[in-house]
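I opened this entry to record what I looked up, starting with the strands and ending with the core.

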Amino acid sequence: MNRTIILLMALTAALGTATLASALKIAPATETVIRLKAKNFEFTPGEITVKKGAPVILELTSEDRAHGFNLPDFSVRTDVKPGVVSRVSFKPEKTGRFGFTCDVFCGSGHEDMSGTLVVTE
Ligand SMILES: [Cu+2]
C-alpha cells in the first residue's frame, strides 16, 4: 500500500517537472516589456527604443485621467485609464522613428502629448 503511494508521488513529481520544462520551453523569452505612464500632458518615458523584430509589450497606466495611446505606424492603440494597466503588444518590423500620441482629449495641452518610438536594427 505504502509502496503504491510512494510510486504515485514519484510519478506525479516526474510528470510535474516534465510539464514545467515544456512550459518554460514554449514561453517567449525575448519579449521586451516597457512600462509607460501617461499624465497631463506627457508620456514617460517620452522616447522608447526597441529592436526590430523583437516582440514588445507596452504596459500603460494613467496617473490622472483618461488618455489614449496611438502608434499608427504599427496599428497600435489603446485607452489609458487611471487604475488600469492597458497592455498592447506588437512586433516592430521596420526601423526608424515613429510618433505616438494621446488620442483622447484630456485638456488644453492634449495636442502636444506625444512621444517617439525608435526602432533600431
Ligand atoms: Cu490627451
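I count two strands as paired if DSSP finds at least two bridges between them. Helices (H or I, at least four residues) and strands (E, at least two) are DSSP runs, numbered from the N terminus.

I noted that this is a predicted model, in which local features need pLDDT of at least 70, side-chain atom pairs count only at pLDDT 80 or more, and totals for chains, interfaces and linings use all residues. Residues are numbered from 1 along each chain as its sequence is written.

Sheet. I looked up an open sheet of four strands, ordered β2-β1-β4-β7 with mixed pairing. β2 (42-44) and β7 (86-90) are at its edges with a single partner strand each, so one side of each has no neighbour in the sheet. I then checked β1 and β4, which run parallel and are joined by seven bridges. Lys37 has Thr61 in β4 as its bridge partner.

Buried residues are 17% of the 121 in the protein. A nonpolar core joins buried Ala, Val, Leu, Ile, Met, Phe, Trp, Tyr and Cys residues through C-beta atoms within 7 Å. The largest has 15 residues, and Leu36, Ala38, Leu60, Phe69 and Cys102 touch the most other members. β4 gives the most to this core, three residues.

Note on methods. A residue is buried if 20 or more other C-beta atoms lie within 10 Å of its own, exposed if 12 or fewer, and partly exposed in between; C-beta atoms are placed from the backbone.
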